[in-house]
Amino acid sequence: KKLFFKNLLIGLSFFIIGLFKKNCIADNLELIATPIFDNTTAENINFFNAWLGSTAYSFQIYFDFSSYSDMAIGLSRIFGFRIPANFNSPYKSSSLIEFWTRWHITLSRFIRDYLFTPSLRSLSKLNLFSYKNYKINLFLQIFISALITFSLSGLWHGASWNFIIWGALHGILLTINYFYKIFFPLKIPRTLCKILTFFS
């Protein structure tokens, strides 16, 4: 009985928090973002509207996904099951590499374990690049692997060129992140890194 009531209370807490995120935050942000995107033309868009719509939409999709994750965790816990957390404050990430370990964690792990890492290993075994500099070879392997992996990830989100392009762009941005990490490991203040990551 104690275990049942413990799971019930924890599950209800997660579910209520998720419901609050969805109904009170995400849905209200949608009321800001959707009209701006639906009425975007060269005549009525301006600097303020563009940033307001983009920022509202960014937080809308975050709280949408986060709320569904919380509610799923809550319902599972009520019935005595434990499923892993799917979000870990991704907007606090200081790099895109870190971001993809915090956003949609279960999908990111699947992509890493079954697409990105095997692709990287295959390219390494094929030895397509024969530069004397190991770092150059590694970077090129990462670039191709990230481009393939994230393009497929975009396709997973929807059978549309928009999603494929979105995935490819993320693959390119992630590769740029790896480029600086491999060749120019600069020490940049974490706060600045967080700002750059959020707006990328």
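Reader: How many salt bridges does a search of the whole structure find?

Author: Side chains of opposite charge can pair when their charged atoms come close. In this predicted model, the search returns 6 salt bridges.

Reader: Which residue forms a salt bridge with Asp-70, and how far apart are the closest N and O atoms?

Author: The partner of Asp-70 is Lys-21, with 2.6 Å between the closest N and O atoms. This pair links distant parts of the chain, since Asp-70 lies in helix α2 (residues 47-78) and Lys-21 in helix α1 (residues 2-38), 49 residues apart.

Reader: Are Asp-70 and Lys-21 buried or exposed?

Author: Buried means under 20% relative accessible area. Asp-70 has a relative accessible area of 10% and is therefore buried; Lys-21, at 16%, is buried as well.

Reader: Where do Arg-102 and Glu-98 lie, and how many residues apart are they?

Author: Both belong to helix α3 (residues 96-102); because they are 4 residues apart, about one helical turn separates them. Arg-102 and Glu-98 form a salt bridge whose closest N and O atoms are 2.8 Å apart. Arg-102 and Glu-98 are both buried.

Reader: Which residues are linked in a network of salt bridges?

Author: The network joins Lys-22, Asp-27 and Asp-64. Within it, the side chains of Lys-22 and Asp-27 meet in a salt bridge with an N to O distance of 3.2 Å. Lys-22 is buried, its relative accessible area being 16%, whereas Asp-27 counts as partly exposed at 25% relative accessibility.

Definitions and conventions:
Residues are numbered from 1 along each chain as its sequence is written. This is a predicted model: local features need pLDDT of at least 70, side-chain atom pairs count only at pLDDT 80 or more; totals for chains, interfaces and linings use all residues. Side-chain values use heavy atoms; hydrogens and water are left out. A salt bridge is a side-chain nitrogen of Lys or Arg within 4 Å of a carboxyl oxygen of Asp or Glu. Helices (H or I, at least four residues) and strands (E, at least two) are DSSP runs, numbered from the N terminus. Buried means under 20% relative accessible area, exposed over 50%, partly exposed in between (1.4 Å probe, protein chains only).
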